[in-house]
Amino acid sequence: MTSDLRRQLILGAAKRCFARYGYAGTTTKSVAAAAAISEALLFKHFPSKAALYAEILAEECEADPDLEFLLGQAPSTATLVRFTVAMVGHFLGIANRPSEEEEQRLRLMVTSHLDDGEFARLLYAKVSGLIGGKFVASLESAIAAGDAVRMDAAPLDLFWFAHHTGMTAALTRLPATPCLNYETGADRLVRQLSEFILRGIGLTDAAIASYLDRELAQPSVPPVTAESA
């Protein structure tokens, strides 16, 4: 069996184990058994359980049709706004309607930051490789078009500032009793958080006014109900 086929066999077995037992209940030994290989052979492909899980999440992201559509767009101001609104909508959607799996992943990210950071580092690297480049290219395109000013920060750092803003908003809603309730109404939350991020990465008010309304009018923007405000 080729290395690539073996890798896919391991990932398939890992997906079944994580789906059945969750992250905490899955071990590399159980994944190896499910793949009918030795644990030592598994470690030749994936150095840890965290690496296995991060790879599965990255594959799921790549297979998402909405993300595939976004990544297929040419770098532009419109693409930058579209990415931002989609990211905000994604995180607020998790905050409002988390599936058990999504909630587990968000909790895993939190605990990873408080522990050895391995899973968080792996996932950030995957996200950067998958999305970061298109975000940066779109920001540079917006600057070239006069729709944004260059900020005193690395463009990729601006991507992470935007990402962390959305993720933190989701974390406030993670406990059964939310940590806080935004005073912003539910119908305004995606807009205001998107405006906050877009201004922070350098978009002009004119560009925000021109592109944000247009993007929010698209049916692909996830709805946010009163419970998430």
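Modeller: A residue is called buried when its relative accessible area is under 20%, and exposed when that area is over 50%. The model here is a predicted one. In it, the buried residues of H1 pack against H2, H3, H4 and helix H7 (100-114).

Colleague: Which residues of H1 are the buried ones?

Modeller: They are Ile10, Leu11, Ala13, Ala14, Cys17, Phe18, Gly22 and Tyr23.

Colleague: What makes Phe18 buried rather than exposed?

Modeller: Phe18 has a relative accessible area of 8%.

Colleague: How do you know whether H1 is straight or bent?

Modeller: Start with its span. A straight helix of 23 residues would span 33 Å at 1.5 Å a residue, but the end C-alpha atoms of H1 span only 27 Å. There is also a bend of about 80 degrees in H1, located at Ala19.

Colleague: What does the span of H4 say?

Modeller: H4 has 15 residues, which should span 21 Å at 1.5 Å a residue. The distance between its end C-alpha atoms is 21 Å, so the two values agree.

Colleague: How many aromatic pairs are there in the whole structure?

Modeller: A search finds eight. One of them is Phe18 with Tyr23; their ring centres are 5.9 Å apart and their planes are at 5 degrees.

Colleague: Why is the pair of Phe18 and Tyr23 called stacked?

Modeller: Two rings pair if their centres lie within 6.5 Å, and planes under 30 degrees apart count as stacked. With centres 5.9 Å apart and planes at 5 degrees, Phe18 and Tyr23 meet both conditions, so the pair is stacked.

Colleague: And why is the pair of Tyr23 and Phe119 called tilted?

Modeller: The ring centres of Tyr23 and Phe119 are 6.2 Å apart, and the planes are at 50 degrees. Stacked needs under 30 degrees and edge-to-face needs over 60.

Colleague: Which residues form the aromatic cluster?

Modeller: Phe18, Tyr23, Tyr53 and Phe119 form one cluster.

Colleague: What sits over the ring of Tyr23?

Modeller: The charged end of Lys49 does, 4.3 Å from the ring centre. A charge must be within 6 Å of the centre to count, and also within 35 degrees of the ring normal.

Colleague: Where is Tyr53, and what does it touch?

Modeller: Tyr53 is in helix H4 (residues 49-63). Leaving out residues up to four places away in sequence, it touches Phe18, Tyr23, Gln104, Arg105, Leu108 and Phe119. Tyr53 has 3% relative accessibility, and because that is under 20%, it counts as buried.

Colleague: What makes the approach of Tyr53 and Arg105 a polar contact?

Modeller: The side chains of Tyr53 and Arg105 make a polar contact at 3.3 Å. The limit for such a pair of N or O atoms is within 3.5 Å, so 3.3 Å passes on distance.

Colleague: Thr26 is in a loop. How do you know whether Thr26 is buried or exposed?

Modeller: That loop lies between helix H1 (3-25) and helix H2 (28-34). Thr26 has 1% relative accessibility; this is under 20%, so it counts as buried. Beyond neighbours within four places in sequence, its contacts are Cys17, Phe18, Tyr21, Val31 and Lys49.

Colleague: Is Ala36 buried or exposed?

Modeller: Ala36 is in the loop between H2 and helix H3 (39-45). Its relative accessible area is 68%, which is over 50%, so Ala36 is exposed.

Colleague: What phi does Ala36 have?

Modeller: A positive one, about 60 degrees, although Ala36 is not a glycine. Most residues other than glycine have a negative phi.

Colleague: What makes Ser112 and Leu114 buried or exposed?

Modeller: Ser112 is in helix H7, and Leu114 lies in helix H7. Ser112, at 5%, is under the 20% cut-off and so counts as buried. Leu114, at 73%, is over 50% and is therefore exposed.

Methods: Residues are numbered from 1 along each chain as its sequence is written. This is a predicted model: local features need pLDDT of at least 70, side-chain atom pairs count only at pLDDT 80 or more; totals for chains, interfaces and linings use all residues. Side-chain values use heavy atoms; hydrogens and water are left out. Helices (H or I, at least four residues) and strands (E, at least two) are DSSP runs, numbered from the N terminus. Buried means under 20% relative accessible area, exposed over 50%, partly exposed in between (1.4 Å probe, protein chains only). Contact means heavy atoms within 4.5 Å. Rings of Phe, Tyr and Trp (its six-membered ring) pair if their centres lie within 6.5 Å; planes under 30 degrees apart count as stacked, over 60 as edge-to-face and the rest as tilted. A polar contact is a pair of N or O atoms within 3.5 Å; within protein, one must be able to donate a hydrogen and the other to accept it, and residues adjacent in sequence count only if both atoms are side-chain atoms. The expected span of a helix is 1.5 Å times one less than its number of residues. The bend at a residue is the angle between axes fitted to the seven residues ending there and the seven starting there.
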